[in-house]
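Walk me through this structure, please.

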Amino acid sequence: MKDKEFHLKVDNEICQGTGYCVRISSDLFSINGRETAQVLIPHPSHNYQEDILEASTLCPTRAITY
Amino acid sequence: METIRDLVPPPHIQGIKHFVDYALVDEILKSKDFRQGSHQESQPFFGDSLLTIDHDVHFERRRLQAPLFRKEALEYYEREELLPLIDKALEESKTNMDEDGVVRADLCALIRTMLARISAVTTGIDGVDTPERTDAFRTYIEQLGTGATVEWSVEDHDDVIKRILEVRAEFVKEFYGPSVERRIKIIDKFKDGEVEEEELPKDLLTLMYLHWNDNWDEELPLREATLYLVASSQTTTHALPHMMIHLHEWFQEHPEDYEKRFDRDFLKQAGHEAIRLHLPSPALLRIALKDVTLSDGTNIAEGERVACLFTPANRDKSVFGDDARSFNPYRETPNVKPWGFAFGGGEHTCIGRTLVTGLSARTDNDEGTDGTLVNIALALYKAGIEIDPSDLPTYTELSFHDSYGRFPILLTNV
Ligand code: HEM
Ligand code: SF4
């Protein structure tokens, strides 16, 4: 995990727009006026590791990959 | 025999608006203008549990529980708990072996034994070990399940609730109470620095008592545990017999595929198809929080309850193709999840999905686990499962659920 470069993505076919990822990190995700979440930082630094792991496990549809 | 039936909407949801179209069901389940509408009568069993709360409180509760479904946790459950428990249940079935070395068993009962134990582990119930204790425990779960789905019962609903509350008191005495007591003690030791975090059990009850919230009532962990026990075991117990009968029919019609009974990817797709076709309840219900107009122009008034009939939605030809009503383990569903709404949608999407399907969907980041459906089906094929042609499975008559009640099998290679 340490050397892994993150490629943060939301699968728009699966995302159900709950906004739960945004509640974990509004730096990484946004959902303003849209039906599905958007990734704001596609290659986040390792400082975001905990948020990335938490958001991807918490996402009810598990639409987030990294 | 008929293995795919049409859903007959039960009396409980007659007279309210029904949605059967995939796109509209999707729209309702993901809309923030609705809240959970199922389990209105079953509050004594499920009230204020994750399934029945919405939006902000739901987010917080789900956030608390999400660590149970991290990759490492899923790998732990599968390798350290599920696989040994499957072997153990098959080993125990040998008590019914005849002189020819063939075991006669009931698939529903066998699967319930396996799943009861894995549910106990994820929920945090101790002592589900010997065949006798497991039998007692799974009978409790079944009865709690009857209470928790009383809406769909064909018996008198008040009688069911009264009877099952008495059963629950016994369950608390025998299993739940001692399990909670042990967890509270170990959490106290952890707080006093006598026990490391890694030594704490990895289960729902430990998590709740470790992160106690003063807004919770004392019985909430019991209702949450009931949700976990019922939601995890009943649903999978419901799905597996369908998966096995469809595979049986598939292999009869496509004998060239029979060798694939040991192929994990093939079994995975078969599992997805079985849960797409056979949903764990007749409908998902939602209540409108304000007046809503759906994209097709349907008006729903504030407070109105609607039924998403996910069985027909999951057989929608415009989404799954012309053969949507049949079982096809080679189906490709590029734009939707292969199981459709089997795990619901929106905020309440099943938290246990990865336990069932493994970390296998295109968004699960990693391979790593195969889930209960594949692992149990594979173990059954290795044990030489055969369906007794002279004694075919029959559906349950006790509720409106699309479930088998009796499923005699032979195991020729235990
Ligand atoms: C084949 C197996 C399963 C199926 C088909 C299934 C299906 C579902 C569905 C449809 C829902 C949403 C209900 C609604 O929106 O009203 C749900 C929620 C839930 N399921 Fe599953 N489930 C399965 C296995 C499991 C397992 C193994 C667990 C173990 C923990 C589990 C725990 C839950 C919980 C706790 C919820 C409530 C989630 C929430 O409201 O946020 N389920 N499940
Ligand atoms: S948490 Fe998941 S489903 Fe919800 S908005 Fe974010 S990506 Fe979409």
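**Sheets, helices and a few single residues**

Chain B has an open sheet of 3 strands in the order S3-S11-S8, with antiparallel pairing. Strands here are DSSP runs of E with at least two residues, helices are runs of H or I with at least four, and both are numbered from the N terminus. Two strands pair if DSSP finds at least two bridges between them. Strands of a sheet pair through backbone hydrogen bonds, either parallel or antiparallel. Strand S3 (103-106) and strand S8 (385-387) of chain B stand at the edges, each with a single partner strand, so one side of each has no neighbour in the sheet. Neighbouring strands of this sheet are turned by 35° against each other on average, direction ignored. The axes behind such angles are lines fitted to C-alpha atoms, for helices over the stretch in contact, and angles run from 0 to 180 degrees between N-to-C directions.

Look at one pair of strands. S8(B) and strand S11 (residues 408-411) of chain B run antiparallel and are joined by 3 bridges. Glu386(B) stands opposite Leu410(B) in S11(B).

A word on the source. This is a predicted model, in which local features need pLDDT of at least 70 and side-chain atom pairs count only at pLDDT 80 or more, while totals for chains, interfaces and linings use all residues. Residues are numbered from 1 along each chain as its sequence is written, chains are lettered from A and ligands numbered from 1 in the order in which they are written, and side-chain values use heavy atoms, with hydrogens and water left out.

Now the next sheet. Chain B also has an open sheet of 4 strands, ordered S1-S7-S4-S2, with mixed pairing. Its edge strands are strand S1 (17-19) and S2 of chain B, and each pairs on one side only. S2(B) and strand S4 (residues 284-288) of chain B run antiparallel, with 3 bridges between them. Arg35(B) stands opposite Ile287(B) in S4(B). Gln36(B) has Arg286(B) of S4(B) as its bridge partner. On to S7(B): 4 bridges join S4(B) to S7(B), and the two run antiparallel. Here Arg286(B) stands opposite Val306(B) in S7(B).

How many residues of S4(B) are buried? The count is 5 of the 5, so S4(B) is largely enclosed by the rest of the structure. Buried means under 20% relative accessible area, exposed means over 50%, and partly exposed lies in between (1.4 Å probe, protein chains only). Leu284(B), Arg286(B) and Ala288(B) point one way from S4(B), while Leu285(B) and Ile287(B) point the other way. Helix H1 (residues 22-30) of chain B lies across S1, S2, S4 and strand S7 (305-308) of chain B, running at about 130° to S7(B).

Next, a pair of helices. Two packed helices are described by the angle between their axes and the distance between the axes. Helix H4 (residues 71-93) and helix H5 (residues 107-123) of chain B pack at an angle of about 150°, with their axes 9 Å apart. H4(B) and H5(B) are therefore roughly antiparallel to each other. The cut-offs are under 35 degrees for roughly parallel, over 145 for roughly antiparallel, 65 to 115 for roughly perpendicular, and oblique for the rest. Among the residues in the contact are Leu82(B) and Leu85(B) of H4(B) and Met114(B) and Ile118(B) of H5(B). Contact means heavy atoms within 4.5 Å.

Some single residues are worth a stop. Most residues other than glycine have a negative phi, and most peptide bonds are trans. His39(B) has a positive phi, near 60°. This residue is found in the loop between strand S2 (34-36) and helix H2 (43-46) of chain B. His39(B) is buried, with a relative accessible area of 12%. Asp48(B) has a positive phi of about 65° although it is not a glycine. Asp48(B) sits in the loop between H2 and helix H3 (55-65) of chain B. Is Asp48(B) buried or partly exposed? Asp48(B) is partly exposed, at 41% relative accessible area.

Gln65(B) lies in helix H3 of chain B. Gln65(B) counts as buried, at 0% relative accessibility. Not counting residues up to four places away in sequence, Gln65(B) touches several residues, including Leu50(B), Glu224(B) and Ile351(B).
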